[in-house]
Amino acid sequence: MPKVPEALRRSSPPRLPELSEPELVRHFTTLADRTFGVDTGFYPLGSCTMKHNPRVHERLAGLPGFRDLHPYQEDEAAQGALELMWRLQEMLAEIAGLPAVTLQPAAGSQGELTGLMLMRAYFADRGEDRDTIITADTAHGTNPASVTMAGYKLAKVETDARGNLDLDDLRAKVDERTAGLMLTNPSTLGLFDEGIEEVARIFHDAGALLYYDGANLNAVVGISRPGDMGFDIVHYNLHKTFSQPHGGGGPGGGPVAVRDTIEPFLPVPRVVRDADAYRLDHDHPKSIGRVRGFAGPFGVFVRSYAFMRAYGPGLKEMSEVAVLNANYLLARLRDVYELPYDRHCMHEFVLSARNLKREHGVTALDVAKRLMDYGIHPPTVYFPLVVPEALMIEPTETEPKERLDGFVDAMRQIVVEAAAEPELLRQAPHSRPVRRLDEVRAAKHPIVRYLFEEHPALVEVE
Ligand SMILES: Cc1ncc(COP(=O)(O)O)c(C=O)c1O
């Protein structure tokens with residue numbers, strides 16, 4: 001064992017907070033009891049698809065042949081894992097309506113970056129110099145962030161009065177410098193873009209590409225395919241659409257599908273099948289290279305594969321029920337909250353608490369905090385940015401009608417409370433382990449280190 005050089009060695013042991021094992025167990029158990037998750041209650045966090053994760057997936061991901069596989073295992077001894085990955089690629093390709101898939105990216109946002117790197121490689125190969133990506137003004141924050149990280153300039157296109165991309169604004173912005181569009185469809189307003197074919201025509205006529213942010217794919221699986229809409233590159237959020245416990249940082253999966261013209265640039269290694277054998281293929285000279293260690297988040301692949309196989313050809317029903325549940329909630333809440341775009345929604349919808357603010361000085365944040373007192377996780381708030389006092393609600397397909405009705409009752413009761421006792425909402429939550437937090441301070445001054453100075457008793461013991 002090589003020795004640490006004398007000069008770099010500690011002169012005294014590190015200062016670590018010490019507790020007995022039972023005290024430590026109590027500490028973490030208490031924290032766990034305070035946690036709220038999809039297993040504790042309704043979690044309609046818009047755009048995040050917090051659905052139930054069947055427990056059988058954990059058993060499958062824990063099978064010794066999967067669990068104990070070393071990432072450097074030679075292909076011949078990892079045939080089962082490679083076959084699973086290959087089959088998952090095939091299913092995802094069918095869902096997107098595009099021929100080739102990489103499983104490597106670890107999240108939707110990394111899929112976005114990968115997609116933009118693919119665009120760059122594609123245009124470089126054609127000797128074209130394009131520098132701008134267009135996103136919608138409803139785009140998720142990761143879209144502009146990925147555009148900037150990939151070294152592109154960003155241009156934003158506005159949303160029209162029906163909640164579609166404004167085609168006139170779009171036509172004025174697309175030119176020979178445009179590399180592509182990055183769009184979620186259905187959008188973060190929960191609306192399917194009615195002009196998507198014309199949008200695709202505008203970009204393709206200009207020689208540009210279309211990127212599909214698949215965060216909202218839960219609305220359309222088996223019903224419409226991004227490839228058929230004209231998208232050239234698509235990412236999936238396996239942790240949203242295809243079951244994977246998420247929130248709190250992962251792990252996630254963000255595979256990317258592409259049209260045949262972009263296939264040569266996909267990351268390596270690629271999982272391929274030769275006759276009846278599977279292998280990792282590195283031989284793609286135009287590839288953008290690796291975007292993640294090893295072959296990607298394998299446990300995520302097992303869970304998503306199991307999820308899709310359990311549904312089988314009925315996968316479409318998943319999206320149909322997700323859309324039905326969202327429209328049911330919308331129909332039962334639209335008379336008490338403002339509805340900025342009066343259309344049927346897809347798997348989620350956006351209401352505005354502007355009426356409560358105007359009439360009673362109660363904000364979307366107050367509504368969200370009060371929902372916690374009813375044992376419900378707040379929806380996404382203040383996003384998309386084009387809707388003031390936005391409440392973005394996504395029930396998912398895994399909720400029964402009774403649970404949806406409970407949410408409606410709470411949301412309607414909050415409107416009654418806003419008129420009768422607005423202060424109750426402004427001070428909410430009242431029944432949670434912590435009350436209203438100073439979120440700006442928590443974000444700007446996070447305490448991420450144990451401060452001995454604040455625990456002199458422990459320092460003395462030391
Ligand atoms: C519309 C949209 N796009 C992209 C993302 C990024 O996905 P991920 O969290 O997997 O990086 C999200 C995540 O919530 C999203 O809602």
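Predicted model: local features only at pLDDT ≥ 70, side-chain atom pairs only at ≥ 80, totals over all residues.

Colleague: How many helices and strands does the chain have?

Modeller: 18 helices and 12 strands. Both are DSSP runs numbered from the N terminus: helices are H or I with at least four residues, strands are E with at least two.

Colleague: What order do the strands take in the open sheet?

Modeller: E1-E7-E6-E5-E4-E2-E3, with mixed pairing. Pairing needs at least two DSSP bridges between two strands.

Colleague: What does E1 pair with, and in which sense?

Modeller: With E7 (residues 256-258), antiparallel, over 3 bridges. Ala 100 has Val 258 in E7 as its bridge partner.

Colleague: Which strands does helix H4 lie across?

Modeller: H4 (residues 79-96) lies across E1, E6 (233-236) and E7, at about 125° to E1. Contact means C-beta atoms, placed from the backbone, within 7 Å. Axes are lines fitted to C-alpha atoms, for helices over the stretch in contact, with angles from 0 to 180 degrees between N-to-C directions.

Colleague: Switching topic. How much of the chain is buried?

Modeller: 42% of the 462 residues. Buried means 20 or more other C-beta atoms, placed from the backbone, within 10 Å of the residue's own.

Colleague: And the box size?

Modeller: The C-alpha atoms fill roughly 70 × 65 × 45 Å along the principal axes.

Definitions and conventions
Residues numbered from 1 in each chain as written. Contact = placed C-beta atoms within 7 Å. Buried ≥ 20, exposed ≤ 12 C-beta atoms within 10 Å, placed from the backbone.
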